[in-house]
Amino acid sequence: MTEVEVVQLLVSASHRFAGRPADGPSAGPDDEPVREVRVRAGLGLVGDRYFGRPAHRDAAVTLMSEENLPRDINASAGLRETRRNILLRGVDVDSLVGSTIVLDTGAGPVAFAVNRPARPCAWMDVTVGPGAQRALRAKGGVRCTPLSDGVLSVGRATFAVVEAPPVPARETSRDTRDVTA
């Protein structure tokens, strides 16, 4: 287990980034950042716009590493700007695609399948600042499926990878034996 910190949590009942980025985000409630979230296995975060939606089951929760936020572009950037759900300090979540991870903020472990990268879109240049989309390439977080029910809260936490991503197979088509004539 690794000690990490849950820096921010965001639950958004509405999709604020619809249409063209040049038009700006839709208005949203001020209560999107929360201190605690309830996680439901296979469904997502209770109250979030993707909760229980079949099309988003493999991407219902998005985790991001605080260390990857483009602070040089916007020093105050966080989850409201990136529209991710869980901001962690102390772990590189982008390297964990294909893993199963466990996060525990004190109320018991919550497991997630880390399915794919959360690729940054053109909205990042509007909400974070010009150049953010490029800065977040390969560092925009990961889309996950919750595998267990639980509660997560802001603050200190433990983090573990319980199943690592598969290691790519080595090239085996070449004969590497020394052949002399």
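Let's start with disulfides: a search of the whole structure, which is a predicted model, turns up 0 of them. Cysteine 144 has a relative accessibility of 0%, so it counts as buried. Cysteine 121, on the other hand, has a relative accessible area of 32%, so it is classed as partly exposed.

From there, move to the inside of the protein. The largest nonpolar core has 25 residues, and the members that touch the most others are Leu63, Ile86, Leu88, Leu103, Phe112, Leu152 and Phe159. Who builds this core? Quite a list of strands supplies at least two residues each: β1 (2-10), β3 (36-40), β5 (61-65) and β6 (86-89) are among them, and so are β7 (100-104), β8 (110-117), β9 (142-146) and β11 (155-163). There is also a second, separate core, this one of 12 residues, including Leu10, Ala77, Trp123 and Met124.

Now for a bit of sheet. Three strands line up in the order β4-β3-β10 as an open sheet with antiparallel pairing. The edges are β4 (44-45) and β10 (150-153), each of which pairs on one side only. Zoom in on β3 and β4 and you'll find an antiparallel pairing over 2 bridges, with arginine 40 standing opposite glycine 44 in β4. In general, strands of a sheet pair through backbone hydrogen bonds, in either a parallel or an antiparallel way.

The last stop is a loop residue. Serine 12 sits between β1 and β2 (33-34). Is serine 12 buried or exposed? Its relative accessible area is 0%, so serine 12 is buried. What do the polar contacts of its side chain look like? One goes to the side chain of glutamate 32, at 3.0 Å. Another, at 2.6 Å, joins the side chains of serine 12 and arginine 83.

Conventions:
Residues numbered from 1 in each chain as written. Predicted model: local features only at pLDDT ≥ 70, side-chain atom pairs only at ≥ 80, totals over all residues. Heavy atoms only, no water. Core = buried A, V, L, I, M, F, W, Y, C linked by side-chain atoms within 4.5 Å. Buried < 20%, exposed > 50% of the residue type's maximum accessible area, 1.4 Å probe, protein only. Helix = DSSP H or I, 4+ residues; strand = E, 2+ residues; numbered from the N terminus. Disulfide = S-S within 2.5 Å. Pairing = 2+ DSSP bridges. Polar contact = N/O pair within 3.5 Å; in protein donor to acceptor, adjacent residues only side chain to side chain.
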